[in-house]
Amino acid sequence: MSALQVSNGYTTGPLRDVLLPLLAVVGTLMLPFQWILILFIVTGHAHFLMAYLYQARAGKMNMGYLLVALITLFALGSYLFYSGDFLLLVLAVGLLFSAHFAYDEFTLHGETPTYANLVLVCGFALFFLSLVAGYLYPANTGLTALSFAIAGMTVLARLMLTRQLPSVTEKYLAFITVLIAILAIGFHVPERVLGVIVLLHVANWYVSFGVRLRTNPGKARKYWLEVAATLLLFSGLFAVYVGFHTEPLRYVFGAAYYYAWAIMHIMLSVYVSS
């Protein structure tokens, strides 16, 4: 990762793959947790809206897309109405979003994931899930040991499937794994690990897609204006929600509802990429 790499129009390199994650971890440690929560909710919603906008422009919103959206919306709405168990929702988001983050990194690094790579994606997601579960259920001290066991078994399974040297994406995911393990176990702040990968995921897509458009100044300008507009939109709406206690916006910014919107985003992203 010593030299800048441009693959399929996306750009990676040491600034993006090393410095940005380090800054995310340092920022997560320095800022109050409430600020981190607000930041990833606002930027997350802006990211979801940008994804829907570009999926629509690409003609991806077909009948199958709408069917997946309706089924997911019905399932999540029913869950929140009849159960609403917040901890299970957090666990679901921890598993799905970490897998979503890891899989998308192959796209952003210009690599096509193999079955061996998917083992690492699953391992990363399970490792992340065990850290989140350890935070939610602190009495179960075995979850920390489980997270390291998962990491070790994942690496072993990857080596058994293929002896190829780790790809750039695999090295990146290994680095992120070490960072979130240090954050969760070394600094004893496991509640912040989801914020780290949400912010990294959003930042990586913003920067990578923006760089992809750098050869077309008109499209690049339009893209960055849309990024700014969506961020300002949700920042303003969140200010209204907090300042005026606007009840309808609870279904956007309330933590449980945010996680539900995140699951919707992931399900539709999976459909679009399948």
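Figure 1. Strand β1 (residues 5-7) has the lowest confidence in the chain, with a mean of 47, while helix α9 (residues 217-244) has the highest, at 96. Averaged over the chain, pLDDT comes to 88, and 95% of the residues score at least 70. A bit of bookkeeping: this is a predicted model, where local features need pLDDT of at least 70 and side-chain atom pairs count only at 80 or more, while totals for chains, interfaces and linings use all residues. Residues are numbered from 1 along each chain as its sequence is written, and side-chain values use heavy atoms, with hydrogens and water left out.

**Figure 2. Phe40 and Tyr258, one of the aromatic pairs**. The structure holds 18 aromatic pairs. To count, rings of Phe, Tyr or Trp (its six-membered ring) need centres within 6.5 Å; planes under 30 degrees apart are stacked, over 60 edge-to-face, and the rest tilted. Phe40 and Tyr258 are a tilted pair, 5.6 Å centre to centre with 55 degrees between the planes. Phe40 sits in helix α2 (residues 33-57) and Tyr258 in helix α11 (residues 255-273), so this pair ties together parts 218 residues apart in sequence. How accessible are the two partners, Phe40 and Tyr258? Phe40 is buried at 3% relative accessibility, and Tyr258 is buried at 2%. The cut-offs are under 20% relative accessible area for buried, over 50% for exposed and partly exposed in between, using a 1.4 Å probe and protein chains only. Ring pairs also link Phe40 and Tyr258 with Phe48, Phe86 and Tyr259 into a cluster.

**Figure 3. Tyr251 and Tyr257, an edge-to-face pair**. The ring centres of Tyr251 and Tyr257 are 4.9 Å apart and the planes meet at 70 degrees, so the pair is edge-to-face. Tyr251 is partly exposed at 39% relative accessibility, and Tyr257 is partly exposed as well, at 21%.

**Figure 4. Arginines over tyrosine rings, and Glu105**. The charged end of Arg16 sits over the ring of Tyr172, 5.2 Å from the ring centre. Arg57 does likewise with Tyr54, at 5.1 Å. "Over a ring" means that NZ of Lys or CZ of Arg is within 6 Å of the ring centre and within 35 degrees of the ring normal. Both Arg16 and Tyr172 turn up again as contacts of Glu105, along with Thr169, Leu173 and Asn204, leaving aside its neighbours within four places in sequence. Glu105 lies in helix α4 and is buried, at 0% relative accessibility.

**Figure 5. The largest pocket**. Its volume is about 990 Å³, taken as the space filled by probe spheres set on grid points joined across faces, edges and corners. A pocket is an open set of points on a 1 Å grid over the protein atoms alone where a 1.4 Å probe fits, with protein on both sides within 12 Å along at least five of seven lines; lining residues have an atom within 4 Å of a point. Which of the 29 lining residues are closest to the centre of the largest pocket? They are Gln55, Asp104, Trp205, Ser269 and Val272. Helices α2, α4 (86-108), α8 (193-212) and α11 each supply at least two lining residues, and α11 gives the largest share, seven.

**Figure 6. Loop residues His188, His245 and Leu165**. Most residues other than glycine have a negative phi. His188, in the loop between α7 (168-186) and α8, has a positive phi of about 55 degrees, and is exposed with a relative accessible area of 64%. His245, in the loop between α9 and α10 (250-253), also has a positive phi, near 50 degrees, and is exposed at 67%. Leu165 belongs to the loop between α6 (142-161) and α7 and is exposed at 76%. Beyond its neighbours within four places in sequence, Leu165 touches Arg158 and Glu170.

Conventions
pLDDT is the predictor's confidence in each residue, from 0 to 100. Helices (H or I, at least four residues) and strands (E, at least two) are DSSP runs, numbered from the N terminus. Contact means heavy atoms within 4.5 Å.
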